[in-house]
Amino acid sequence: MAFSQQLINLFAALLLLIAFAMLSQRRILSLINLFAMQGLMLTTSTAIVAWSSHQHHLYYSAALTLIIKVIALPWLLHRLIRKLNVKWDVEPMINIPSTMLIGLALVVFSFNLALPISQLAGTITRSTLGIAMASVLLSFMMMITRRKAVPQVIGFLAMENGLFFAATSSTYGMPMVVELGIALDVLVGSFIFGIFFFQIRETFDSLDTRHMEKLKED
Amino acid sequence: MSYSGLLLQLFQDALVVLIAPLLLGWVNQCRAWLQNRSGAGVLQPYRNLVKLFHKDAVLANNASPLFRFTPYILFSGMWLAAALVPVIATDLPLSPAVDVIALVGIFALARVFISLAAMDIGTAFGTLGARREMLVGFLAEPALLMVFFTASAISQSTSLVTIVETLAHRQFVLYPSLAFAAVAFVMVMLAENARIPVDNPATHLELTMIHEAMILEYSARHLALVEWASAIKLLAYITIGIALFAPWGIAEASNLEALPLALAALFLKLAVAGASLALLETLSAKLRIFRVPEYLGTAFLLAVLAMLVHFLLGA
């Protein structure tokens, strides 16, 4: 096994580890820091894939990831929670050890799912596809199990990280146009989410999304 | 079984028993330095042991024979465990008898006996400590087993000697799975040896103690044996960690010339491990007892992830 592939495997494993850490995290501030760290892992692994496979456009995606997911979005989220004044603990719907166990089951599921797919792929990073899928599912679960709006949005953003990693590992990344589009989407999306946060808080005096069920007409 | 192998085994048996208090003293000394205290010196555990052996034992009126022979079982169990781990050479006549799973079994046996002895007298503290110990033990054991399984999956053997020989002889390969397993192992080691995030070895505060609560009724030579046994347990865990994750420098089968080098490497690694243990303990705060399942659940999760990552990435 080449050294670059070992490095990619290592960063993939770290990505998965951070996904689990986010799942078990109780504080919003550390959640944001973890999200930034996950972005950093993604940047590094993308750069290593670019270097080892001589795909120059991947350097641009790595730079884009670095700027948007490691610097801009965490900064934006930090500002947002300072303004909303929400630093309190996140209450998950299921207790954390059970969440972790369900997360483990998800990892086993996605590894099994990815095994036949990754055998078809010809890239050097094909074995990391399972990890990418696992981190998508874990972020998805984080969105489901959290009550407050901010962690749900961080889950959404982390899910995009996983998708991006899946794209890099299975096909050496998406075309540049698509990538730029997604990056801008995420950026604009988080702005809109920010506005939503303020609106939700103004209407319900809380960021708990369960209150939104009151909006239903019976 | 070779003659030199037998000699090595005897040498290792004597070595682990004699240096275990030294390691404990070193860890305590490092902690003292980190907390800006002068400390009692690295030889303090030996002095404690000598003092305790010279005292007369006091037993409760309703102590059963179980209470009296548990320290000997503990001591011999821990000695056996420490003697089985290849620390200076891989050629040990005793080691084919026992693999990593049996090693976990030996630790479990010791735990059962100390818990029974703690409940034997019938004081509230003993029972409390025994229950907490069982809570920690039943969560730590699967995590420890998963760590061992990861190392076994890489070297395709559950024998510690084979694992060490395989891992010491590879060219440099990054194993993400082993890194995960190492973190999980450190977490389990802290919990099993009653170190700080789970238990505080330096306190007798009734609300927090686990290990100390169980041995509260012991005195004199019994207490000395129990404390010596826990020092050997710490040494055994650290040497298992060294064997699994940093086995470089170990002497090969029946190669007596490599022995001085292996010994020097062992002492260096033990010193580093002891200092980092002290650092880790100083940096972390003690967990509430109800957070311990979460902590050990994380260790188990990491160990299982290590296993999964090994099977997915083949590394």
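Tutor: Happy to. In this predicted model, let's begin with helix 3 (residues 65–84) and helix 4 (residues 100–120) of chain B, whose axes come within 9 Å and cross at roughly 160°. An angle over 145 degrees counts as roughly antiparallel, and helix 3 and helix 4 of chain B are therefore roughly antiparallel to each other. The crossing of helix 3 of chain B past helix 4 of chain B is left-handed. On the helix 3 side, the contact is made by B:L66, B:F67, B:T70, B:I73, B:L74, B:G77, B:M78, B:L80, B:A81 and B:L84. Facing them from helix 4 of chain B are B:L103, B:I106, B:F107, B:L109, B:A110, B:F113, B:I114, B:L116, B:A117 and B:D120. Sorted by class, this contact has 17 nonpolar, 2 polar and 1 charged residues.

Now for the chain that holds this pair. With 315 residues, a compact globule would have a radius of gyration near 20 Å, and the 19 Å of chain B agrees with that. Its C-alpha atoms fill a box of roughly 60 × 45 × 40 Å along the principal axes. In chain B, 47% of the 315 residues count as buried. Among contacts in chain B with a separation of 6 or more, 80% are between residues 24 or more positions apart.

One loop residue of chain B is worth a stop. B:N193 sits between helix 7 (176–192) and helix 8 (211–214) of chain B. B:N193 counts as buried because it has 22 C-beta neighbours inside 10 Å. Setting aside neighbours within four places in sequence, the contacts of B:N193 are B:K233, B:L234 and B:Y237. B:N193 and B:L23 are 170 residues apart in sequence, with 13 Å between their C-alpha atoms.

Chain A as a whole has 7 helices and 0 strands. With 218 residues, a compact globule would have a radius of gyration near 17 Å, and chain A, at 18 Å, agrees. Its C-alpha atoms fill a box of roughly 55 × 35 × 30 Å along the principal axes. Buried residues make up 43% of chain A.

Finally, let's see where the chains meet. Here 19 residues of chain A are in contact with 17 residues of chain B. On the chain A side, the elements giving two or more residues are helix 1 (3–24), helix 4 (96–120) and helix 5 (129–145). Helix 1 of chain A gives the most, with 8 residues. This side of chain A has 14 nonpolar, 5 polar and no charged residues.

Notes. Residues numbered from 1 in each chain as written. Chains lettered and ligands numbered in written order. Predicted model: local features only at pLDDT ≥ 70, side-chain atom pairs only at ≥ 80, totals over all residues. Axes fitted to C-alpha atoms, helices over the stretch in contact; angles between N-to-C directions. Helix = DSSP H or I, 4+ residues; strand = E, 2+ residues; numbered from the N terminus. Parallel < 35°, antiparallel > 145°, perpendicular 65-115°, else oblique. Left-handed = near helix turned anticlockwise from the far one by under 90°. Contact = placed C-beta atoms within 7 Å. Nonpolar A, V, L, I, M, F, W, Y, C, P; charged D, E, K, R; others polar. Rg over C-alpha atoms; globule rule 2.2 N^0.38 Å. Buried ≥ 20, exposed ≤ 12 C-beta atoms within 10 Å, placed from the backbone.
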